[in-house]
Protein chains: 2
Amino acid sequence: MHVLITGAAGMLGQKLARRLADVGALRATPIERIDLVDLVEAPTVSALCAARVADICHHGVAEDLVSPMPDVIFHLAGVVSGEAEANFDKGMAVNIDGTRTLFDALRCAEGTPRVVFTSSIAVFGAPFPDPIPDDFHLTPLTSYGTQKMVAEALLADCTRRGFFDGIGIRLPTISVRPGLPNAAASGFFSGIVREPLAGVQAVLPVSREVRHSHASPRTAVEYMIHAAELDSTALGAHRNLTMPGVSVTVGEQIDALIRVAGPNTASLIVESPDPVIAEIVAGWPERFDTQRALGLGFVPDGSYDDIIRAYLEDDFVSG
Amino acid sequence: MHVLITGAAGMLGQKLARRLADVGALRATPIERIDLVDLVEAPTVSALCAARVADICHHGVAEDLVSPMPDVIFHLAGVVSGEAEANFDKGMAVNIDGTRTLFDALRCAEGTPRVVFTSSIAVFGAPFPDPIPDDFHLTPLTSYGTQKMVAEALLADCTRRGFFDGIGIRLPTISVRPGLPNAAASGFFSGIVREPLAGVQAVLPVSREVRHSHASPRTAVEYMIHAAELDSTALGAHRNLTMPGVSVTVGEQIDALIRVAGPNTASLIVESPDPVIAEIVAGWPERFDTQRALGLGFVPDGSYDDIIRAYLEDDFVSG
């Protein structure tokens, strides 16, 4: 089993590589090689891993990566939401042209590997029904969401034409995201758990009634692995799937934090309404009815309590 | 009023140019100039027209076309369904890269013209609810439909970012299409009317129960003009609209033909079932609930009888 991970230096890429190395097999076949590619060097978490610093958009890189052809490709490389909005050309170049370069290389090479593409619920845009069904239209309200939508469309067509065997999985917001606070509008969803657990104050810029859909990093990695392993004939022509999430209000997140870590933790959350962030968040989806993904065996976190526990087990470093 | 039409030598491009020249105004403003661009020379139907033979994908062409900036651009240029399926590279190059080249030129130039893009109901793919609502997801089953979906997504994002003021209109099957029979799987929808009216036999390869959605060329042109004239603020962020059609069974088409042209005409239709065509057609949408477009003032043909009459008035040439 030969695996390729693009965007391997990112948070999810690193966790995926580590998980694959720990399990040592994919599709019941021992893993012999995990190629990690990114613009910066990805940590080689096991002797199975080989890291390469390269830009998939550059001439010849994609062709190299698929020679010899991996059995499974996890295509995680991408410019994130804020950057794609701030820098239109860069988002188009990486999220669309980079993806197309990889798909073209696959088309021109021998073999039809499974390609797992990490899309995003940013492909959806308000107004929404509640819950949002699997056959709801894509009307992204960001360049990032647009670029993910385009990549999804190309993946489905390339799969239909037999260039490769693709599956796109639309990840919900990942929380609790480890690391430092960042400037993303969605950052508080992780921050109000991560910072108090570390004994640090966290700002809550929206109302406790705001509802949002979450998946732990651990579950996101399991989604990717399941997407690599499932029988893709069950997907038919619809190759892009909304992944299940745990839909909770911010108040329910805080209740879960109190249950898992005690009331003193929650007292570190400082409510400081920010109308700008509140307006951005109001355009985001709240709850999905992901019947297709559930029917195909994708297993979400059990509760927001479980999401906090996964963070404590996987990422929490006591101060 | 300065108008640009890409794909101007095509059937709809020619009809659009002629209609604009006849009316002489757009948005209640006299038309001073209609630029026609295509790979072959478009007929200059009026002194207002200037035809240019050029490939919009070629370096500098798109920049030239938007200098000076037209007030309204009708972007009709594209590779049709059969060709996009037979030649993947050509479809991608024209339908995606050509469109992106135009959009990039608009982004880099001064002004925010209205851009009317002719998309297609090929962006939809079976299985379908009946009727198909405006918020149904796009899961095209052809490379053509995929490429139209991608162009729609880019149009919406470019509009959101203020590069231009875009509207995508998804045209139903155009019938009665003038001219000679062609090899398209959908060709019989026009053929079973056009050929008998000319006193020629026509083959019906599917059952009379097959249901499909139609718009006359005349109405398609009116859709484009209405899309150029309407107040686009009413569209909000959702810039791509399914156009209304007349949904009829093949049997109802034939009944209309008898009403308009008499029973002898219909006797020229020869039923000759073709399982291959029947299977292709089974994947096509039958009926849409186009509330948004109707609410925005797009007016469909009144009936299939009207569609036949429009053909007789606009295109029929007695043998």
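In the predicted model, 19 residues of chain A are in contact with 20 residues of chain B, two residues being in contact if their C-beta atoms, placed from the backbone, lie within 7 Å. On the side of chain A that touches chain B, the most is given by helix H5 (residues 143-160), with eight residues; helices (H or I, at least four residues) and strands (E, at least two) are DSSP runs numbered from the N terminus. By class, this side of chain A has 10 nonpolar, six polar and three charged residues, where Ala, Val, Leu, Ile, Met, Phe, Trp, Tyr, Cys and Pro count as nonpolar, Asp, Glu, Lys and Arg as charged, and the others, Gly among them, as polar.

The secondary structure of chain A comprises 12 helices and 14 strands. Among contacts in chain A with a separation of 6 or more, 77% are between residues 24 or more positions apart.

Of the 319 residues in chain A, 49% are buried (20 or more other C-beta atoms within 10 Å of the residue's own, C-beta atoms being placed from the backbone). Leaving aside neighbours within four places in sequence, Ile5(A) is in contact with residues including Ala17(A), Ile34(A) and Phe74(A).

Residues are numbered from 1 along each chain as its sequence is written, and chains are lettered from A and ligands numbered from 1 in the order in which they are written. Local features need pLDDT of at least 70 and side-chain atom pairs count only at pLDDT 80 or more, whereas totals for chains, interfaces and linings use all residues.

Key: A residue is buried if 20 or more other C-beta atoms lie within 10 Å of its own, exposed if 12 or fewer, and partly exposed in between; C-beta atoms are placed from the backbone.
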